[in-house]
Amino acid sequence: VQRMVLDNQELILNRLKDIRKTSIRQMNQTRFYIVENSKSIVQVNLFVGGLPPQLSPEEYTNILKEELAIKTNVVSVSHVYQAQGAVVLQISCFSEAERIYMLVKDTVVNDKPLNAVVLPTVMASKIPQNCCPLLVFVNPKSGGLKGRDLLYSFRKLLNPHQVFELTNGGPLPGFHTFSKVPSFRVLVCGGDGTVGWVLGALEEIRHKLVCSEPSVAILPLGTGNDLGRVLRWGAGYSGEDPYSILVSVDEADDVLMDRWTILLDAEEPAEGAENGIAEPEPPKIVQMNNYCGLGIDAELSLDFHHAREEEPGKFNSRFHNKGVYVKVGLQKISHTRNLHKDIKLQVDQHEVELPSIEGLIFINIPSWGSGADLWGSESDNRFEKPRIDDGLLEVVGVTGVVHMGQVQGGFRSGIRIAQGSYFRVTLLKPIPVQVDGEPWIQAPGQIIISAAGPKVHMLKKSKQKQKK
C-alpha cells in the first residue's frame, strides 16, 4: 500500500489520470479519504448589530467588554460599521464564540436589543473570473408565510451561505460577507419597502465593497409591488418554482434607476413639548425609489398603517390588505380639503401654481398604488416622456379619493403639474407625508427633493420567449 498526500491546489481527477497512464488496475484500486488537519486555526466571524451608532472602535470594545465580558485575548473587533451601529468580531475559540452568540440574543444596550449572525468566510480568490454569484435577501415577514418557504427553498438550491434572512441583522451581514467578491448580483425577496431597505444599506456600504455596484433583482412579496411590476417581476409571488426564478434572474437585463434624497426640515417644535418650549425637530433625511405623496394619498397610507399596527395578525394576505385600503378610502370620500392652499411648490427654482387638489405625488417610476399609471400615456408637448433613469421626477395632483379610485381603475390619469430634478415644498401646516409606503405626519417647514448619489443597477426580467 502506498500512501500519498495531495497538496491544497491539486485536483483529484488530475491525479487519477496520472495513475491511469501507469496502470488502470492501480487507478481502480486508488481510494481518497479526508483527514482533519489538527493544526487548523479556529476563526469565527460574528456580526453584532443593534449597538449605538457613530462610536469609535475603542468605545464599541468597551461596551462589549461591559455587556458581554468578551475576552480580548481571543476576541478582536475586525470591522466597524459606525453609521449602522454594528461590528464584526473575530473569535479564535469555539466555546467563547458560542457563549457570546447566546448572550448577545438576551442583551439590550440603550433600550435596543442586540442581534448576532455567524458569518461565513468567502474566499474571493477561489471564485472563477467569469463567475457572478447571487446574494439573496429574504424578508420572511413579507407575503404571509411565502417568505419563510422561499428562504428554505433557496437555501436548498444555492449554497446556504448565499441566503440571508433580513429579520436577523438586516442586509449588512450579507453585504459584509460578499464585500471581497469581485462581481455579484443581488435578489431581494420582499415588498417595495424591503427593496428600499436593501438599496439604502447598499448605498451606505458601497464604498467598502469590491463590487460597488451590484445589480439588484426583485421577487415581489408585498402588497403594492410597484417597483417589481415596472421591472417585469410581476404583481406578486404566486408560488412559481424557485429554480425558475433563479434562471430568470440569471437571464435578466441590467437597467439603471434614479434614486432621490428627501430632506425634511420642520420649522416648528414637535407636539407635546413641556411648557411649549422645545427645539424644532432635527432635519430628517430619507431615500426614495418609487414615489412620495403629500395629502390624501399619504393619509390613506397612514390610516392603513395604524390599522395594521392595531391588529397585525389579520394583515397576512394581499386580498385582505387591499380590502382595508378600500374601507379606509370610503371613509374619506365626504372629506373636503384644500391642500393647494396649505403648501407651496418650487420646481428647479421656479414657483409652480397648484390647481385645486387634495393630494400631490412625486413619481419616479410609471407605477403607483399597486400598478396604476398616474402620469398617463398621452403625449404632451410640455413634458418629456418619463423614464426611470432620466434624472427627472414627475409631479401629479389628485382631487380626492374618487379620483384616486378612477386612476387605479384605469379610467383617468392624475393632473400633470411639473417635471424636474430639484424640488422645494413649503408646508404651511402639519400634513400627512408618505415615502415608498412609509407614512407620517410632517410638521410645517421645508421639504427638499434632489437626486441621490449614483443611479442604481436594477435587473429587469427579460421578455419571455414566445412558445411555438
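**Cysteines and rings in a predicted model**

Mentor: In this predicted model, cysteine 93 is partly exposed, because its relative accessible area is 25%.

Trainee: And cysteine 292, is that one buried or exposed?

Mentor: Cysteine 292 has a relative accessibility of 1%, and therefore counts as buried, since the cut-off for that word is under 20%.

Trainee: OK, how many disulfides does a search of the whole structure find?

Mentor: The search, which covers the whole structure, comes up with 0 disulfides.

Trainee: Remind me, what is a disulfide?

Mentor: It is a covalent bond that joins the sulfur atoms of two cysteines.

Trainee: Switching to rings now, how many aromatic pairs are there?

Mentor: The structure holds 5 aromatic pairs. One of them is formed by phenylalanine 178 and phenylalanine 184, whose arrangement is edge-to-face, with 5.3 Å from centre to centre and 70° between the planes.

Trainee: Which residues do ring pairs link into a cluster?

Mentor: That cluster consists of Phe137, Phe164 and Phe175, which are linked by ring pairs.

Trainee: Last one, what sits over the ring of tryptophan 440?

Mentor: The charged end of lysine 284 is placed over that ring, at 3.7 Å from the centre of the ring.

Methods
Residues are numbered from 1 along each chain as its sequence is written. This is a predicted model: local features need pLDDT of at least 70, side-chain atom pairs count only at pLDDT 80 or more; totals for chains, interfaces and linings use all residues. Side-chain values use heavy atoms; hydrogens and water are left out. A disulfide is a pair of cysteine sulfur atoms within 2.5 Å. Buried means under 20% relative accessible area, exposed over 50%, partly exposed in between (1.4 Å probe, protein chains only). Rings of Phe, Tyr and Trp (its six-membered ring) pair if their centres lie within 6.5 Å; planes under 30 degrees apart count as stacked, over 60 as edge-to-face and the rest as tilted. A charge sits over a ring if NZ of Lys or CZ of Arg is within 6 Å of the ring centre and within 35 degrees of the ring normal.
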